[in-house]
Amino acid sequence: MADLLKGKVAVVTGAGRGIGRGIARLLAAEGAKVVVNDLGGSGSGEGADKSVADAVAEEIKKSGGAALASYDSVASMAGGERIIKTALDNWGRIDILVNNAGILRDRMVFNMTEEEWDIVQATHLKGHFACTKPAAILMRQQRWGRIVNFTSDSGMYGNAGQANYGAAKSGIMGFTRVVARDLGRYAVTCNAIAPAAATRLTATIPEATAGRRALAGAQAAGGRGATPEAELARLREPQAGFNHPDDIAPFVAYLCTDHAAGINGKCFRVAGGRVSLLSDEVPLRKMWKPSGFWTPEEIAQIFPQTFGLDLVNPAPPQPVEQKR
Ligand SMILES: NC(=O)c1ccc[n+]([C@@H]2O[C@H](COP(=O)([O-])OP(=O)(O)OC[C@H]3O[C@@H](n4cnc5c(N)ncnc54)[C@H](O)[C@@H]3O)[C@@H](O)[C@H]2O)c1
C-alpha cells in the first residue's frame, strides 16, 4: 500500500462486518489509525456483541496496522460522542469519519410499526448526526477533515417495503449536501456513497423482490432516460450486481485523501469496479403562467399533454383478485 493516509486518525462505524470491515482494513493498510466501531447486533438492530468489533481490530493489528475497538451504538448523541472521543483520547485527533453503520426493518408502509420506523431513523439518520457533530467540532478546529456518509438506491429511487430506510437514506443525502456547505470553508469535505455489495443486509432481500425493486427503481428513473429492461440488465451484470463488500473501500479511501480535497457534497454509486457520479437534483421541466395562479382545471388540461406525457407510475394499480 502507498501510505496515502499515513498519520491520519479514522473512525469507521459499523466496521465489524460487511462494507465497513473492508473500509476499516483498507484505511489501516493506507496508514491510518482506525477506531473500529460496531455494536455487533443483528441485521435488524437487536442485541449487541463486542467480539464483532474486536475481531476486525485484531485483524488490523495482526497485519501491522493500528486499531481500537469501540462498541457504542451510533443511535444516540452520547454514543456518537463516546465513539469520537475514543479517537481523541487515544490518538489526539480525528481526521476521517465514515458513517457506515446500518440495519434494516423492512415492511410495507401500511403494516410498519412506530418502533420499526424509529429504530431505522435512529440508526441511519440520527446516527449520522450523532457522530458527525462531535467530529465536525474537532475537524473545524484543525482545519482538515473527511466525512463519508452512506446512502442507498432506496433513498434515491424508492424500494417497496422500505419507507423507513428510504426516508432515512434520502435524509442522509440532504444532510450530506448541507454538511458539505457548513464545513467546506474549513477544508472539511462531506460526500456520500450509495453502495451495492453482497452482505448480510442484501442477503435478506429475496431475489424476486430484488428484481421487482430494480424494476420499480428503473421505472421511477424512466424520465431520465433509462428503460426498465435496460436498468434490470444493468443490475444483473456481474459488475453491477451484488459484489464483494471490499469493492466499496478503495473509493471511500480515495475520498479521504488530500487528492480528493475538491470533492464535496457529492454522491457516488459504487458497485464492484463501477463508480458513478450521481446527479444533483435539478428541475427537469417547468411550466409557467405569466400572470396569476394556475387553476386545477388548467393544469388538468395542459399537464398530461406536455411534460406529464411520459411520466411512468412505478407501481401501477393491479386488478383486484376475485375471492372464490
Ligand atoms: N450492502 C449493500 O448493497 C448496501 C446497499 C445500500 C446501502 N448500504 C448501506 O451500507 C452500509 C453498510 O451496510 P452492510 O451491507 O455492510 O451491512 P452489514 O450488516 O454487513 O454491516 C453493518 C454493520 O453496522 C453495525 N451496526 C448496526 N447498527 C449499529 C449501531 N447502532 N451502532 C454501531 N454499529 C451498528 C452492524 O452490527 C453491522 O456490523 C449501511 O449503511 C447500509 O444501509 C448497503
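**Entry 1: α1 and α2**

I looked up helix α1 (residues 18-29) and helix α2 (residues 50-62) and found that their axes come within 10 Å and cross at roughly 25°. The model is predicted. Angles under 35 degrees count as roughly parallel, so I list α1 and α2 as roughly parallel to each other. I noted the crossing of α1 and α2 as right-handed.

I then checked which residues meet. From α1 I have Arg 21, Ala 24, Arg 25 and Ala 28, and from α2 I have Val 56, Glu 59 and Ile 60. Sorted by class, this contact has 4 nonpolar and 3 charged residues, with no polar ones.

**Entry 2: Asn 99**

I moved on to Asn 99, which lies in strand β4, residues 96-99. Is Asn 99 buried or exposed? Its relative accessibility is 2%. Buried means under 20%, so I count Asn 99 as buried.

I looked for a partner for its side chain and found Asn 149, whose side chain is joined to that of Asn 99 by a polar contact of 2.9 Å. Leaving aside neighbours within four places in sequence, I list these contacts of Asn 99: Thr 13, Gly 127, His 128, Cys 131, Thr 132, Ile 147, Val 148, Asn 149 and Phe 150.

**Entry 3: the whole chain**

I ended with the totals. The protein chain has 11 helices and 8 strands. Of its 324 residues, 44% are buried. Among contacts with a separation of 6 or more, I noted that 71% join residues 24 or more positions apart.

Notes: Residues numbered from 1 in each chain as written. Predicted model: local features only at pLDDT ≥ 70, side-chain atom pairs only at ≥ 80, totals over all residues. Heavy atoms only, no water. Helix = DSSP H or I, 4+ residues; strand = E, 2+ residues; numbered from the N terminus. Buried < 20%, exposed > 50% of the residue type's maximum accessible area, 1.4 Å probe, protein only. Polar contact = N/O pair within 3.5 Å; in protein donor to acceptor, adjacent residues only side chain to side chain. Contact = heavy atoms within 4.5 Å. Axes fitted to C-alpha atoms, helices over the stretch in contact; angles between N-to-C directions. Parallel < 35°, antiparallel > 145°, perpendicular 65-115°, else oblique. Left-handed = near helix turned anticlockwise from the far one by under 90°. Nonpolar A, V, L, I, M, F, W, Y, C, P; charged D, E, K, R; others polar.
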